[in-house]
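Take a look at the sequence and the 3D structure. How do the parts fit together?

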There are 2 protein chains.
Amino acid sequence: MPVPTIRDVAKRAGVAPITVSRVINRSGNVSPDTSARVEKAIEELGYVPNSLARSLRLKRSQTLALVVTDISNPFWTTVVRGVEDTAQDAGFSVILCNTDESESKQEQYLDVLVQKQVDGILLVPATSDGRIVDWIHKQRTPVVILDRAIEDVPVDMVRCDSQDGAYQLVQHLLALGHRQIGVLTGSRRVSTASERVAGYIQAMEEAEIQVHEGWIRYGTFSQDSGYEMAQRILEVDPRPTALLAGNNFIAVGAMRALRGAGLDVPGDMSVVSFDDLTSHLLIEPFLTVADQPAYEMGQQAAALLLARLSGKAPEEHQEILLPIQITARSSSGPPL
Amino acid sequence: MPVPTIRDVAKRAGVAPITVSRVINRSGNVSPDTSARVEKAIEELGYVPNSLARSLRLKRSQTLALVVTDISNPFWTTVVRGVEDTAQDAGFSVILCNTDESESKQEQYLDVLVQKQVDGILLVPATSDGRIVDWIHKQRTPVVILDRAIEDVPVDMVRCDSQDGAYQLVQHLLALGHRQIGVLTGSRRVSTASERVAGYIQAMEEAEIQVHEGWIRYGTFSQDSGYEMAQRILEVDPRPTALLAGNNFIAVGAMRALRGAGLDVPGDMSVVSFDDLTSHLLIEPFLTVADQPAYEMGQQAAALLLARLSGKAPEEHQEILLPIQITARSSSGPPL
DNA sequence: CTGTTAGCGCCTTCAG
DNA sequence: CTGAAGGCGCTAACAG
């Protein structure tokens with residue numbers, strides 16, 4: 001016996017398919033009596049509506065897609081939760097995709113998502129190249145860009161004020177007395193990486209400190225890269241007395257490198273970082289961090305996308321910038 | 001201008017829709033000449049196939065669903081990667097869902113997934129109640145159960161040998177000289193939680209140690225629960241000299257509690273645990289653990305499901321049990 | 001190699 | 001309050 005369709009239910013209840021549809025979707029008025037007969041038939045047959053057919057007809061799938069760059073990072077899983085909770089409340093499902101910072105994987109996923117007729121896409125772009133957004137727009141799928149800026153394209157965006165976060169972290173280090181400060185960040189092609197450097201430079205310039213070029217290191221947002229960048233920066237003369245890590249993974253990698261070099265944190269080297277979320281898994285949080293509101297970012301991005309879908313968002317593209325607060329802990333102290 | 005359909009492409013290329021379909025799917029033979037004209041039309045119109053319509057017609061969506069219980073836990077994100085990589089290679093997309101160990105959320109998700117006509121479901125069951133599997137089977141959707149056993153229902157299953165893992169961990173503690181050993185685990189309704197207790201009891205009985213009832217604590221697989229269970233167990237007389245944590249989150253919570261009580265690990269109390277994955281984010285891994293092959297579990301489960309879908313799996317239900325190895329580190333030492 | 005016909009399961013429109 | 005007809009976009013089956 002094949003899977004029952006709306007027609008099977010209709011036949012069994014002695015009504016037309018459309019009536020069953022009305023009962024399922026509570027659209028139009030159906031007499032309590034008929035309604036009950038339909039419900040009974042649904043129950044008896046174990047009928048489950050086919051939402052593929054429904055979506056095809058309605059031209060909407062009640063589904064959002066969320067494309068992130070690294071699902072292993074607790075920072076992103078927190079964003080995921082913010083998105084999911086918000087979508088769920090609005091009756092939307094979420095398809096989650098992971099690009100591993102790869103542009104080609106990103107392209108592949110976006111293609112599939114558009115084909116699957118998702119109603120909207122939340123994208124953490126692998127790079128700041130705006131063409132991908134143009135392409136999605138051409139497919140008439142609404143997009144909200146998350147966490148990272150995109151160049152030269154008008155699009156809804158929700159992100160954190162990375163520059164200010166970095167600025168605050170460096171100010172904190174300066175206040176402790178540091179003058180030689182290094183920064184380890186992600187790829188140049190990722191806006192958050194360069195903005196964090198910009199905030200660093202801003203603070204250093206205000207303090208009238210000459211920044212040594214070896215103090216600024218670009219890599220990737222990974223532990224391995226953090227490890228390597230830290231090793232390199234230790235060889236720079238003059239050697240920094242404090243490091244600003246572009247994210248939590250870089251911080252962990254860097255601290256491993258410092259440990260390998262026999263350096264104590266914060267005794268021999270202060271370390272401050274973005275993204276507090278490693279503390280979920282640490283016995284004793286000790287990293288001084290700029291703590292991005294990950295959950296809120298997910299929430300707001302999803303809310304904005306949903307507003308777009310229902311035509312409730314203002315015509316012009318929104319750019320929401322969330323503030324960052326820093327939390328001082330024991331990984332930063334005065335220089336030797 | 002509305003989104004172009006296969007008919008628009010056909011018209012522009014001067015062919016029938018089916019010919020366009022054949023070009024897109026490389027099904028049937030099409031002359032290179034026609035094919036080129038079609039490709040051109042597709043390009044010019046920016047045509048993207050509607051896979052909703054395709055799935056409706058073909059009765060398959062090339063989509064799997066993965067339902068996990070806690071996406072914040074790196075253990076699960078690793079499983080996710082194993083599943084995704086395997087699915088991707090076979091041309092399948094994955095819809096990821098997070099139940100937070102809640103049966104009602106689980107039910108809700110499964111309903112949506114069946115409605116969306118996913119081709120198969122990979123489920124980490126919130127509880128060992130077998131009825132949910134019966135329900136999915138009734139919907140004719142293949143399922144593979146991950147990580148946790150389900151009672152009394154014939155179904156494909158891929159999981160790790162929790163009992164043996166716990167047995168090994170306790171043996172390790174016994175070898176160090178511990179006789180009073182406590183165990184902090186998850187909910188009684190979750191098979192892995194109880195299996196880990198079973199392995200503990202097995203090892204203790206073999207060593208002819210009388211297990212004090214206060215030494216076995218059931219809670220949930222969360223940090224808060226670990227914290228609370230650890231606080232309680234410290235009041236038991238005789239107090240354990242070593243603790244076995246049912247997962248990484250419980251271990252972290254427990255260690256925080258020990259720290260709050262002024263106890264040193266492993267000086268005053270040894271701690272061993274399941275799931276090594278916190279180490280990704282730790283500067284210095286120090287927990288003695290039973291390290292479950294998370295990525296492989298995801299891979300194998302996805303592979304099994306895909307084999308089912310293509311009819312390549314053996315008729316009878318498979319139960320794959322992956323071995324667990326323990327890694328001894330500095331969190332465990334001899335008792336005082 | 002190419003096209004015609006028909007229908008996947010559902011819901012909008014218009015009639016009763 | 002209920003139903004009949006038609007079509008969303010796609011592809012199998014069967015011509016030619």
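The model is predicted. Start with the two copies. Chain A can be laid on chain B by a turn of 180° with a shift of 0.0 Å along the axis, and the RMSD is then 0.1 Å. That is the relation of a two-fold axis. Within chain A, A:Ile95 has the C-alpha nearest the axis, at 2.5 Å. The copies meet through the same surface, because 97% of the interface residues of chain A are also interface residues in chain B.

Now go inside chain A. The axes of helix α1 (residues 6-13) and helix α3 (residues 32-45) of chain A come within 9 Å and cross at roughly 125°. That angle makes α1(A) oblique to α3(A). The crossing of these two helices, α1(A) and α3(A), is right-handed. The table shows which residues make the contact.

| Helix | Residues in the contact |
|---|---|
| α1(A) | A:Asp8, A:Val9, A:Arg12, A:Ala13 |
| α3(A) | A:Arg37, A:Val38, A:Ala41, A:Ile42, A:Glu44, A:Leu45 |

By class, six residues in the contact of α1(A) with α3(A) are nonpolar and four are charged, with no polar ones.

The residues of the surface near DNA strand C divide into 13 nonpolar, 10 polar and three charged.

How values were computed
Residues numbered from 1 in each chain as written. Chains lettered and ligands numbered in written order. Predicted model: local features only at pLDDT ≥ 70, side-chain atom pairs only at ≥ 80, totals over all residues. Least-squares fit on C-alpha atoms with pLDDT ≥ 70 in both. Contact = placed C-beta atoms within 7 Å. Axes fitted to C-alpha atoms, helices over the stretch in contact; angles between N-to-C directions. Helix = DSSP H or I, 4+ residues; strand = E, 2+ residues; numbered from the N terminus. Parallel < 35°, antiparallel > 145°, perpendicular 65-115°, else oblique. Left-handed = near helix turned anticlockwise from the far one by under 90°. Nonpolar A, V, L, I, M, F, W, Y, C, P; charged D, E, K, R; others polar.
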